[in-house]
Amino acid sequence: MKISVLGGDGYCGWATALYLSAKGHEVSIVDNYARRLWDYQLGVQTLTPIQPMPERISAWRELTGKNIEVFVGDITDYEFLAPTLRAIQPDAIVHFAEQRAAPYSMIDRQHAVFTQVNNVVGTLNLLFAIREICPDCHLVKLGTMGEYGTPNIDIEEGYITIEHNGRKDVLPYPKQPGSFYHLSKVHDSHNIMFACRIWGIRATDLNQGVVYGTVTNEIELDEALINRFDYDEVFGTVLNRFCVQAAVGHPLTVYGKGGQTRGYLDIRDTVRCIELACLNPAARGEFRVFNQFTEQFSVLELAQMVQSAAKKLGRKVEIEHLPTPRVELEEHYFNAKHSKLIDLGLKPHLLSESLLDSLVNIAVRYSDRIDAANFRPQVNWRNARNERRRQKSVGYASEAELALSVDGHNHI
Ligand code: NAD
Ligand code: USQ
């Protein structure tokens with residue numbers, strides 16, 4: 001298939017592009033490198049030294065003889081997006097290209113506005129471009145399990161049957177997102193569902209849980225292909241953070257009681273889920289929703305697992321309960337269905353001690369790049385201007401600059 005990976009320079013996107021290319025698909029990447037800029041603005045860096053895109057692509061070509069074409073630009077800019085899709089004519093578009101950190105979206109008004117404009121406008125442009133240029137193409141969109149929040153009933157895959165006053169209907173599952181970022185995904189879902197209904201677009205919304213790991217079969221082929229491994233308080237996700245904290249003997253930063261339960265998956269399952277969605281496209285006009293995770297854990301359970309993996313490696317680490325900087329339930333019911341991808345053939349990589357060992361070992365290997373100042377949470381949900389975070393952030397200093405970045409002219 002001809003598959004275009006939007007956001008292909010990022011954590012999930014890079015691993016997916018290589019995996020699909022290795023499987024023989026004709027892969028292209030679309031990215032504006034915004035994420036590299038945001039790291040710079042926040043004064044953080046990935047644990048692993050990722051290479052610039054031209055180096056990544058030429059290493060892949062030399063190793064495998066396969067090419068991946070790269071289109072550099074901002075998908076919120078329709079004048080860039082439309083000719084790009086016209087040149088690619090994809091069978092499937094995998095859309096990762098969004099600002100994806102909940103804490104980033106909660107720093108202050110500017111970061112919230114930027115997140116929602118970047119995500120909602122990018123996706124809306126994409127829907128119009130598909131309609132105009134490749135109406136038969138299948139949109140595989142990364143959503144998030146966080147769209148549902150933590151309701152006190154079972155979470156279904158996208159839709160729920162409701163009986164009300166003696167009548168029955170199948171309706172979108174209620175959404176209770178926990179950040180302006182998670183809200184942007186809800187807005188996207190509504191826009192995509194509407195576009196499927198009115199224009200007959202085919203789309204799959206993958207409500208992905210929290211991803212962990214960094215290595216896939218393709219990435220481990222060469223150091224030049226190395227993937228992101230974020231551990232800072234804004235972009236680092238919880239299990240990856242705990243492994244890096246353990247590597248340097250820093251207490252594991254459990255927010256509050258640690259009963260927050262989420263769906264999780266290995267990055268090797270992310271790439272396979274994407275392939276399964278592409279190979280089994282939604283029908284014309286269908287808005288399909290899959291819950292993309294393999295296991296659920298509480299934050300405290302994860303901390304205890306990392307603590308015992310670290311102990312085996314001779315590292316003693318404490319678990320520290322910090323006051324939660326977020327507004328979220330610290331203890332709650334959580335039971336989310338996730339059978340549709342398994343039905344399509346997913347064979348999950350469940351979280352194992354050996355995987356935790358290898359993540360801690362990767363962190364030890366790059367420990368000279370670890371800045372422990374990035375472990376402590378600095379973005380507080382209740383604070384509308386997170387000054388400490390803003391001081392570090394050299395970007396979006398003014399309205400004019402924000403407008404420019406939204407228009408896509410200063411990201412590359
Ligand atoms: P990432 O930040 O590593 O990658 C996102 C990529 O998109 C970056 O390379 C960035 O430069 C690019 N991008 C952002 N806005 C763009 C724009 N307007 N135009 C062009 N490119 C743009 O994020 P990730 O962790 O790879 O996440 C990818 C997707 O998966 C996101 O949509 C995220 O919401 C979703 N997701 C991620 C996780 C996770 O744990 N990482 C979990 C669930 C869902
Ligand atoms: N947490 C801690 N300690 C930490 C970091 C996080 O206890 O040091 C807690 C958080 O409070 C939260 C949970 O761990 O309860 C998960 O936090 P996270 O930062 O790992 O993940 P989250 O903010 O939910 O976002 C990540 C991705 C996002 C994706 C989402 C999937 O960044 O792109 O949408 O996971 S989900 O959580 O299912 O919505």
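1. How far is an oxygen atom of ligand 2 from an N or O atom in the side chain of Glu328? The distance is 2.6 Å, a polar contact (a pair of N or O atoms within 3.5 Å).

2. A word on the model. It is predicted: local features need pLDDT of at least 70, side-chain atom pairs count only at pLDDT 80 or more, and totals for chains, interfaces and linings use all residues. Residues are numbered from 1 along each chain, ligands are numbered from 1 in the order written, and side-chain values use heavy atoms, without hydrogens and water.

3. Ligand 2 has 22 residues around it (a heavy atom within 4 Å). Thr144, Tyr181, Val238, Thr253 and Glu328 come nearest. A polar backbone atom of Val238 is 2.7 Å from an oxygen atom of ligand 2. Arg326 places a polar side-chain atom 2.8 Å from an oxygen atom of this ligand.

4. Ligand 1 is surrounded by 29 residues. The closest are Asp31, Arg100, Asn118, Tyr181 and Lys185. An N or O atom in the Lys185 side chain lies 2.7 Å from an oxygen atom of ligand 1. Asp74 has a polar side-chain atom 2.9 Å from a nitrogen atom of ligand 1. A polar backbone atom of Gly10 is 3.2 Å from an oxygen atom of ligand 1.

5. Now the helices (DSSP runs of H or I, at least four residues). Helix α1 (residues 11-22) packs against helix α3 (residues 53-64) at about 25°, with axes 12 Å apart. The pair is therefore roughly parallel (angles under 35 degrees). Trp14, Leu18, Ser21 and Ala22 in α1 meet Met53, Arg56, Ile57 and Trp60 in α3 (heavy atoms within 4.5 Å).

Technical notes. Axes are lines fitted to C-alpha atoms, for helices over the stretch in contact, and angles run from 0 to 180 degrees between N-to-C directions. Helices (H or I, at least four residues) and strands (E, at least two) are DSSP runs, numbered from the N terminus. Angles under 35 degrees count as roughly parallel, over 145 as roughly antiparallel, 65 to 115 as roughly perpendicular and the rest as oblique. A polar contact is a pair of N or O atoms within 3.5 Å; within protein, one must be able to donate a hydrogen and the other to accept it, and residues adjacent in sequence count only if both atoms are side-chain atoms.
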